[in-house]
Amino acid sequence: MESKQYELPALPYDFKALEPYISAEQLQIHHDKHHQAYVDGANALLKKFDARKSGEEFDVKAAAKELSFNVGGYILHDLFWENMGPATENGGEPKGKIAEYIMKDFGSFEKFKKEFTQAAASTEGSGWAALTVCKNTNRIFINQIEKHNVNAIPNQRIMLVLDVWEHAYYLDYKNVRPEYIAAFWNIVNWDKVNERLEAWLAIE
Ligand code: MN
């Protein structure tokens with residue numbers, strides 16, 4: 001049995017693919033520098049854990065916190081890249097199963113969009129807005145994740161996320177987060193959201 005390290009996933013499109021909503025420069029620095037930093041942070045912890053067998057000690061509480069932060073960042077970015085795509089084929093109204101859930105729990109896409117936008121806009125400091133599904137209740141929820149890990153709910157699987165850390169939009173939108181959030185709706189990959197939803201619902 002062999003362990004592996006965390007690896008930076010390749011973007012599913014080229015750096016220009018999300019223009020004009022997210023510039024190539026913004027996307028490249030976000031993926032190559034910021035996402036990479038969480039991968040590196042998580043792998044540095046793995047090194048510490050591996051060294052325990054040769055007697056190295058570390059601060060267990062601090063390591064647990066760092067692990068949650070870095071792995072949260074690593075996973076959320078991966079989900080984020082995949083739930084976007086070029087505006088020519090994405091964005092607009094949701095379709096398929098996720099559209100059925102949105103109608104059931106929110107009544108309309110407009111209400112969902114408004115609430116998700118509010119969650120993203122009001123995240124204090126750095127964080128994420130996330131659309132999740134709870135199988136205990138067969139409901140969808142909008143979560144507001146602070147940093148990469150605070151307010152995440154274990155049994156609520158993430159279907160769609162939006163990164164509202166300043167590093168996600170500052171080059172393109174400066175401090176105007178609402179403009180970035182409004183732009184996001186043009187590049188949401190609803191097919192991917194439906195793929196995640198169907199896969200999650202298929203698990204017993
Ligand atoms: Mn980010």
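1. Donors, in this note, are N, O and S atoms within 2.8 Å of the metal. The model is predicted, and water is not among its atoms, so sites may look incomplete. With that in mind, the donors of the manganese ion follow the spacing H-x46-H-x85-D-x3-H along the chain.

2. Which residues stand behind that pattern as protein donors of the manganese ion? They are His 30, His 77 and His 167, each through NE2, and Asp 163 through OD. Their distances from the ion run from 1.9 to 2.2 Å.

3. The domain assignment divides the protein chain into domain 1, residues 24-82, and domain 2, residues 96-201. Between the C-alpha centres of domain 1 and domain 2 the distance is 22 Å. To their contact, domain 1 brings 16 residues and domain 2 brings 21 residues.

4. The size of an interface is often given as the accessible area lost when the parts come together. Here, domain 1 and domain 2 bury about 1,600 Å² between them. Carbon and sulfur atoms supply 63% of that area. On the side of domain 1, the residues that lose the most area to domain 2 are Gln 26, Leu 76 and Phe 80; together they account for 41% of what that side buries.

5. The interface of domain 1 and domain 2 also has polar links. The rule finds 11 residue pairs in polar contact across it, with both residues at pLDDT 80 or more. Two elements each give two or more residues to the side of domain 1 that touches domain 2: helix 1 (24-51) and helix 2 (60-82). Helix 2 gives the most, with 10 residues. By residue type, that side of domain 1 divides into six nonpolar, seven polar and three charged residues.

6. How many salt bridges does the structure hold? The count is four. Across the interface of domain 1 and domain 2, the rule finds one. Glu 82 and Lys 192 form a salt bridge, with 3.6 Å between the closest N and O atoms. Lys 192 is in helix 7 (residues 190-202) and Glu 82 is in helix 2, so this pair ties together parts that lie 110 residues apart in sequence.

7. Two points of backbone geometry deserve a check by eye. The peptide bond joining Glu 19 and Pro 20 is cis, with omega about 5°. Pro 20 falls in the segment before helix 1. The other point is Lys 147, which has a positive phi of about 55° although it is not a glycine. Lys 147 is located in the loop between strand 2 (139-146) and strand 3.

Note on methods
Residues numbered from 1 in each chain as written. Predicted model: local features only at pLDDT ≥ 70, side-chain atom pairs only at ≥ 80, totals over all residues. Heavy atoms only, no water. Domains from an automatic or database assignment. Contact = heavy atoms within 4.5 Å. Buried area = accessible area lost by both parts, 1.4 Å probe. Salt bridge = Lys/Arg side-chain N within 4 Å of Asp/Glu carboxyl O. Polar contact = N/O pair within 3.5 Å; in protein donor to acceptor, adjacent residues only side chain to side chain. Helix = DSSP H or I, 4+ residues; strand = E, 2+ residues; numbered from the N terminus. Nonpolar A, V, L, I, M, F, W, Y, C, P; charged D, E, K, R; others polar. Donors = N, O, S within 2.8 Å, 3.2 Å for Na, K, Ca; no water.
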